[in-house]
Structure formats: structure tokens, C-alpha cells
Amino acid sequence: MMQQPSPSAETESLLARLSQRPGVQSTLIISRDTGAIVRSSGLLTAEEIEADGAAPTANGTYLNGTDGEVKKKGTRNAEDVARLVWNFVRSAGNMIEELNGEHDEAKLLRIRTKKNELVVVPDAKFLLVVIHDTPPA
Amino acid sequence: MSSSSVASRKDEILAKKAKLAELKRQRELRQREFSSNRQILGDASELAQASPLRSRSTQQSREDIDSLIDSILPDQQAASGSRTPSGKSPAKRASAFEQAQDVVDTPVRKYQDAVTDTQTLSFAALTTVYEIPVETKPEVITYSKGVQTSEAWQSGDDGVVEGEGEADGGTRSPGRRRRRYLSERERELEEEAIRQRLRQEIEEELRALSLDESVDKDKERFPARSLAPEELNAVTSSNDFLDFIERSSKVIERALDEEYDVLADYAQQARSAEDDDEDAANYTGRKGRRIKEIASFDLTDPMGKKRMISALDFSPKFPELLCTAYTKSQASPHTPPGLLNIWNLHLKGRPEYSLHATSDLLSCLFHPHHPSLILGGTYSGQLCLWDTRARHHRTGEPVQRTPLTGGRTGHAHPIYSLAVVGTQNASSIITASTDGVVCAWSTDMLTLPQEYLELHAPLPAAYKTDDVAPTCLSFPAGDPTMFLAGTEQGAILPIHRYDRAGAKAGVDTRTSYLAHMAPVTALDFHPSRGKLDLGDLFVSSGMDWSIKLWRANPPSSTSTTISGQQEIVRPLLEIQREDTVYDVRWSPTKPAVFASVDGGGVLEVWDLNASTEVPVAAARPSCQGKDVFGGGGAGGGVRSLNKVVWEKGVGRHVAVGGLDGVTTVFEVGGELGGVGGGTTKSGEVGAGLRKLVGRQGRR
């Protein structure tokens with residue numbers, strides 16, 4: 001009989017693949033309407049922050065830099081990233097709307113910085129965000 | 001106006017003035033508040049709604065008053081003297097009054113509209129005492145902030161009054177005027193400063209307000225109302241979410257796989273230049289006959305490891321897409337037996353689509369006229385049709401499949417060969433199974449074959465004993481009605497799809513191409529692009545360790561004798577190899593170039609113009625060497641390559657696949673692939689091949 005992996009397991013593996021790719025620092029899925037975090041990896045979630053008792057800042061610097069735990073889990077606060085990205089996507093959406101009219105929308109956002117690259121795929125209901133290292137240039 | 005009445009009126013008015021002094025004071029206070037609001041907040045949007053109406057009504061009332069005063073006042077200079085100081089600082093007023101006394105009243109009116117003037121407004125009190133407060137009241141409430149301006153406004157008043165004095169000109173001494181100028185200017189400056197300050201304050205306040213709002217908004221959504229576990233489950237298991245992940249992760253991986261760094265700064269990099277040199281050396285050193293591996297696609301665990309590759313095809317529309325058909329997994333029996341992956345050269349490590357079938361897939365093909373359709377032939381005899389547009393492609397089920405029944409409704413034996421013939425609007429799918437059944441199908445309906453043909457051995461004597469078991473088939477470029485089929489018996493047979501004059505549909509008994517002493521593994525007609533017609537050439541490969549080049553007889557040829565003896569055609573060229581040759585394919589763009597793969601796991605590219613005995617280039621997939629089936633031993637293990645296929649557009653890419661289930665894509669140098677760009681023009685190359693054919697043919 002045919003037996004396929006269940007859809008959610010498949011999805012899990014896709015996400016795991018993505019977050020384990022070399023160079024990928026963190027992934028984040030947020031709801032497009034509310035900005036609620038659906039899933040994240042490589043980012044500090046609220047619980048972890050509570051557990052740690054230290055809140056790293058959003059810009060990627062970590063407060064207790066010597067803390068190996070923080071390093072491993074990621075250096076950014078998931079909520080901060082979610083908020084910033086969500087706002088960015090919203091304003092990008094407004095920009096597109098005013099530029100190209102109602103019937104257009106942003107499909108892919110790539111932001112290259114000196115340090116890394118942010119790739120955002122906006123979809124009808126969710127946003128997928130991946131932050132990854134870029135080759136040193 | 002009669003002069004007799006003037007005196008009585010004067011008295012009357014004086015009395016009234018006295019009475020009004022009190023009222024005036026109160027009103028002035030209010031007016032001051034109001035006018036300061038009006039002037040300073042005049043630009044604030046909220047006020048803008050109220051002010052036009054208001055100013056209109058005041059204007060009107062002022063006009064009324066003006067007319068009234070006109071009638072009364074020509075000789076009322078003295079009276080006005082008693083009036084002016086009433087709300088003002090007496091000292092300043094006095095000085096202003098001295099010069100202005102005689103003329104002050106008439107000009108006042110002129111200034112009324114220009115600036116809200118407390119002095120004139122005091123006149124308004126005569127008629128509009130009740131009206132104006134009612135109107136101003138709401139505004140006063142709204143702008144409770146509209147601040148302490150008593151100093152400023154006093155001075156402002158004076159300034160205006162003095163302005164009046166000035167306006168009627170010449171009676172004053174220059175010294176006083178200068179002083180007035182000075183004080184005026186000072187006052188104006190002061191006023192301006194205060195206005196500025198107020199404006200700033202208000203703006204700051206507004207900003208703070210809006211900031212508060214936005215912060216509030218943020219706070220409503222962020223820190224994101226973190227979803228409860230149940231909610232999270234509901235979201236992550238929703239179809240929307242699964243689809244989204246499927247789509248978006250693909251996009252992101254493509255984005256990340258993009259090797260070229262768009263921000264590359266060549267001015268700053270020395271390292272990449274060296275790499276380029278190396279590449280260039282490769283190119284020049286081997287005269288554009290280089291073969292370079294550019295991608296390889298392996299199976300992942302969820303798909304089931306230890307599958308063999310049974311077929312490969314490049315998409316005709318999207319040169320970066322190729323599909324790979326696999327047999328069943330030896331490692332994980334629970335995965336679907338038939339697997340067809342569509343790989344993207346820009347998406348490493350995972351297939352663009354993963355399609356399933358209920359039985360081992362043995363052949364696959366992109367539909368040449370419908371880029372989203374993919375065909376696959378299975379071991380059980382089913383022809384499956386997938387559509388990448390199908391909404392639930394996540395399940396990988398085919399959208400159509402042929403029935404599994406035998407009889408005349410389809411195949412019941414493995415389908416090793418597939419072809420699509422015809423044109424954009426009228427095409428049919430030709431399938432051949434190993435029991436010698438050939439069917440033609442319409443893409444729209446796979447429930448019943450359009451044509452059904454059983455193949456029989458060409459010699460009636462061997463009719464019962466010799467099967468015709470096609471393993472591969474190939475159509476000549478220009479003729480959809482006949483094709484060649486390579487058989488397990490080693491013969492290559494011409495097969496006509498339709499009855500024609502003097503012969504039945506099926507195997508053409510008059511001609512056969514006999515040279516392979518073992519099953520024919522592959523057969524490929526020349527694609528025949530170019531000026532010279534090379535379309536009658538074909539190559540074949542067989543398990544007898546050889547590659548053969550043939551020239552096909554024209555289908556209408558009647559070179560056979562009446563006795564029915566068949567003509568046996570010999571190959572133009574025989575190339576002996578050291579291993580089983582599993583597949584051979586012409587380059588779609590270079591007339592004399594073809595590629596072959598063999599049991600030793602080597603991809604060889606041949607250029608018949610350069611050599612008819614040795615390949616001009618060879619390569620093996622880098623992933624080889626690991627022993628898939630645990631055979632062990634030095635040089636052991638299975639590395640055989642089963643299939644080779646060229647990219648159809650420009651012919652720069654060659655994909656190979658074999659027993660280890662790894663699809664490897666090579667890029668060939670400019671002499672072996674690509675359109676033009678070689679050392680010779682394709683016409684000349686074709687001519688060279690034609691000459692070669694002529695030479696061999698005469699032998």
C-alpha cells in the first residue's frame with residue numbers, strides 16, 4: 001500500500017531542512033494579519049527570555065555575549081524581529097499598492113545588509129522570514 | 001445728519017459708553033482668548049472648520065457696526081477718547097491716543113478685517129454681544145490650551161492702534177514714529193516668538209498624541225499575542241499553512257541557492273579572479289570539450305533511498321527543470337513504489353515536485369506541448385499523467401492514468417518506452433510494453449487507447465515462438481506514422497502504426513536492422529536540425545557492449561523481393577566499448593555529437609567528426625564510489641549509469657542517472673554543446689557527418 005508521510009511531518013521536515021541549511025541563522029513564520037508568531041527557529045522566544053532572565057536587543061547584539069546558551073539559541077528576540085519585519089512588510093505592501101495599484105503585491109523581499117541577508121516571502125496568510133549569512137564581500 | 005441732534009447723541013453715547021465699559025472688559029478678555037486662538041491656532045486643522053463661519057458672521061456684524069458708527073461718529077473724537085483706554089494699559093494707550101485722537105476712529109474700521117482687533121471688537125459689542133459669545137464658546141472649550149497672551153496681545157493691540165495712527169499719516173512727529181516703529185518691531189518680534197513657541201508646543205503635543213496612538217497600535221499587536229498551543233496546532237495543521245510552507249520554503253531555497261552574488265564587487269576580489277583563470281585554463285586546454293559537473297540530486301530519506309533511476313527527461317519549456325523516474329525503494333518499503341521527481345537546477349537538494357505512482361516507474365517524459373504535464377510508464381503497465389498545476393499536487397497523485405486491464409484496453413506489461421508525436425494541437429502518446437503491445441493515447445482521455453497494435457515477429461515461421469519485446473522506441477523527426485523499436489532479441493524493427501498499401505500495420509517485414517547480439521538498450525533518431533538532412537541516421541546501444549550508427553531505409557522503400565525475404569540492414573559504424581552501454585542520445589544542437597552512458601558509470605561524449613573510435617570527452621559523477629548495495633571490495637559497488645539526456649534547448653547540459661539513484665547534471669564545453677560557437681559551423685559539421693556516412697555506406 002502506498003504510505004506517504006503525513007502532511008505535517010512533511011512540513012516539519014521542510015522547515016527543518018530550511019533552518020539547517022548552512023548559513024541560515026534563523027527562520028520565522030508569522031501570521032500576516034496579526035503578526036502573531038507561528039513558528040521560529042534560531043530566535044529567542046518569549047519563554048526562553050523569561051528563562052534566561054535577560055532580554056537581548058533586537059539589533060543582534062547580545063547582552064550576555066559570553067553566555068553559550070544565548071549564542072546557541074540565537075541572538076535576536078523573536079518578537080522584536082516579528083514586529084520589525086511585520087511592519088516592514090506592511091509598509092512595503094503600501095508602497096507597492098501606491099506604486100502599482102491595488103492589484104499588485106509584494107512577492108519576495110530580500111534585504112542585503114553588510115552582515116547578513118533577510119529573505120521574506122509574503123503570502124496571503126503568513127510570512128516566512130529567513131535570516132542568513134551572506135558570503136563576505 | 002443734522003447738527004442739532006449731534007449734541008444729544010453725544011450724551012447718549014457717552015452714557016452708553018460708560019455702561020459698556022464693564023461689559024467691554026469682560027468681552028475683551030474673551031475676545032483676546034478667542035483671537036489668540038484664532039491667530040495662533042489658525043493653522044491647526046481642527047480650527048479651520050469653525051473659523052470661516054465665524055469670521056464671516058463677525059465680518060457681517062462688523063459691517064453693520066461700521067455703518068452705524070459712520071452715522072454717529074464723524075464728530076465723536078472726544079468720545080472715542082473715553083473709550084479706548086478701557087481695556088488697555090493706560091500709559092501706552094495715552095501716548096498712542098495723543099496723536100491718534102483726532103483721526104483714530106475712521107481708520108479703525110479699515111483695520112478691522114485685517115487683524116482681529118480688540119478695539120474694534122469692542123464696537124461689535126454694541127450689536128452682537130449675545131451672538132458672539134455663543135459662537136466662540138465651543139472654540140474656547142476646544143482650545144483651552146490657547147494660552148496666556150495678555151502681554152503679547154496688549155502690545156499687539158497697541159501696535160495695531162498705532163498702525164492706525166500711522167495709516168492716516170502725517171500728523172505725527174518723526175521721533176515718535178521712530179519710537180513707535182521700534183516698539184512695534186519689538187512687539188512683533190515678541191509676538192512672533194510667542195506664536196512660534198505656542199505652535200511648537202501644540203505640534204509637540206499632537207506628535208505625542210499620534211505617537212501614543214501608534215505605540216498603542218503596536219502594543220495591541222505586539223508583543224504578538226502569542227498563540228495558545230491549541231491555536232498554534234490549528235494553524236500549523238491547516239491546509240493553508242501547509243501549502244504556504246511548501247511554496248515559500250521553495251522560494252527561499254531557490255533564493256539561497258542562487259550562487260551568483262549580485263553584490264559582487266570585482267574591484268575588491270582577487271580570489272575569484274584566480275578561479276576564473278583556472279576555468280579558462282580548462283576551457284582552452286581541452287578545446288571546449290570540457291565536461292563539468294554542475295549539480296547532483298540525491299534522494300532523501302522520506303522519499304525512500306536505494307531507488308534506481310529508470311528514466312530522465314529535461315523540460316522542453318523550462319531548461320532548468322528535469323524529471324527523474326525511479327523504481328521502488330529497497331530501503332523503505334512503505335514509501336510509494338513509483339517516484340518521479342522534478343528537479344530544478346536552481347533548487348539544490350530538494351525536488352520542485354515529487355510525484356508518486358502505485359508501481360515502479362520505468363519511463364518518464366515531459367509532454368512536449370504542455371509544459372505542465374508529465375507522463376510516466378509503470379512496471380504494472382499503467383500510463384500515468386501528472387499535472388503540476390493540479391491543486392493538490394502535494395499528494396503527488398497522477399491526475400489521469402490508464403486502466404490496468406489487459407485485453408485491448410491498455411497495457412498489462414511494463415512500459416519501458418514512451419513517446420509523444422504530433423503537433424501542438426494534435427498529438428498522441430505512444431507507449432510500448434514488453435509484450436509487444438503498442439498503444440496510442442490522447443492526452444485528454446487515458447481510459448481507452450485510441451489505437452491498439454500487437455507486434456509479431458516478422459517471419460511467419462517464428463510467429464509463435466519469437467516474441468517481439470520492445471525495450472525502446474524512437475520516431476524519426478518528420479514522420480509520426482512509423483518508428484523503430486529495439487527489442488530484447490537484439491533486432492531493431494521498423495513499425496508502422498497504420499495499414500498501408502501492400503502491408504498491414506505493425507512490424508515491417510521487409511526490413512530489419514540486425515547487428516546487436518543482445519538486447520537493445522537505447523535507440524535515438526538524429527534530431528536533424530540544420531541545413532543537411534541527417535534525419536535518417538540513428539544510433540543504438542546494446543548489452544553487447546557496443547554503440548552502432550545506422551541509416552534507416554525510407555519507409556516507402558520497396559527494395560525487398562517478392563518472395564518476402566527481408567532485407568537485413570547493417571550498421572554504418574560499430575563502436576565497441578568495454579562495458580554494457582545503457583543509453584545513447586544525440587545532442588540536440590551539434591549534428592555529430594552524441595552522449596552515452598555505460599555500466600562502468602562513465603558518461604562519454606562522442607564527436608563523430610573528431611573520432612569514430614574514442615569519445616572526445618568523458619566524465620563520471622563525483623558522487624560515485626560509495627557502494628550503494630553493500631557489495632564491498634575495491635572498485636566494487638554499483639555505479640552503473642542507466643540513462644542520459646540532453647537539455648533540449650541549447651544542449652549545454654547533460655543529465656545522467658543510474659543505479660545509485662543520483663541524478664547528475666553536467667555542462668559540456670562549447671564544442672560539444674550549445675548553439676553555434678564551436679570551431680566549425682554546424683553546416684560543415686553536418687557535411688562532415690554526411691561524408692562519413694557516405695564513406696561507410698559504400699563499404
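How many bridges join strand 7 of chain B to strand 8 of chain B?

**Entry 1: conventions.** I noted that this is a predicted model, in which local features need pLDDT of at least 70, side-chain atom pairs count only at pLDDT 80 or more, and totals for chains, interfaces and linings use all residues. Residues are numbered from 1 along each chain as its sequence is written, chains are lettered from A and ligands numbered from 1 in the order in which they are written, and side-chain values use heavy atoms, with hydrogens and water left out.

**Entry 2: strand 8 of chain B.** I found that 5 bridges join strand 7 (residues 373-378) to strand 8 in chain B, and that these strands run antiparallel. Strands here are DSSP runs of E with at least two residues, helices are runs of H or I with at least four, and both are numbered from the N terminus. Two strands pair if DSSP finds at least two bridges between them. Leu375(B) has Leu385(B) as its bridge partner in strand 8 of chain B. The two strands form a hairpin with 4 residues between them, and Gly381(B) in the turn has a positive phi of about 100°.

I then looked at the other pairing: strand 8 of chain B and strand 9 (residues 400-401) of chain B are antiparallel, over 2 bridges. Here Cys384(B) is opposite Arg401(B).

In a regular strand the side chains alternate between the two faces of the sheet. I saw Leu383(B), Leu385(B) and Asp387(B) pointing one way from strand 8 of chain B, and Cys384(B) and Trp386(B) the other way. Strand 8 (residues 383-387) of chain B is largely enclosed by the rest of the structure, because 5 of its 5 residues are buried (under 20% relative accessible area, 1.4 Å probe, protein chains only; exposed is over 50%, partly exposed in between).

**Entry 3: the interface of chain A and chain B.** I recorded 43 residues from chain A and 43 residues from chain B in the contact (heavy atoms within 4.5 Å). The two chains bury about 3700 Å² between them, 64% of it on carbon and sulfur atoms; this is the accessible area (1.4 Å probe) lost on being put together, summed over both.

Across the interface there are 5 salt bridges (a side-chain nitrogen of Lys or Arg within 4 Å of a carboxyl oxygen of Asp or Glu). I looked up the salt bridge between Lys125(A) and Asp240(B), at 2.4 Å, N to O.
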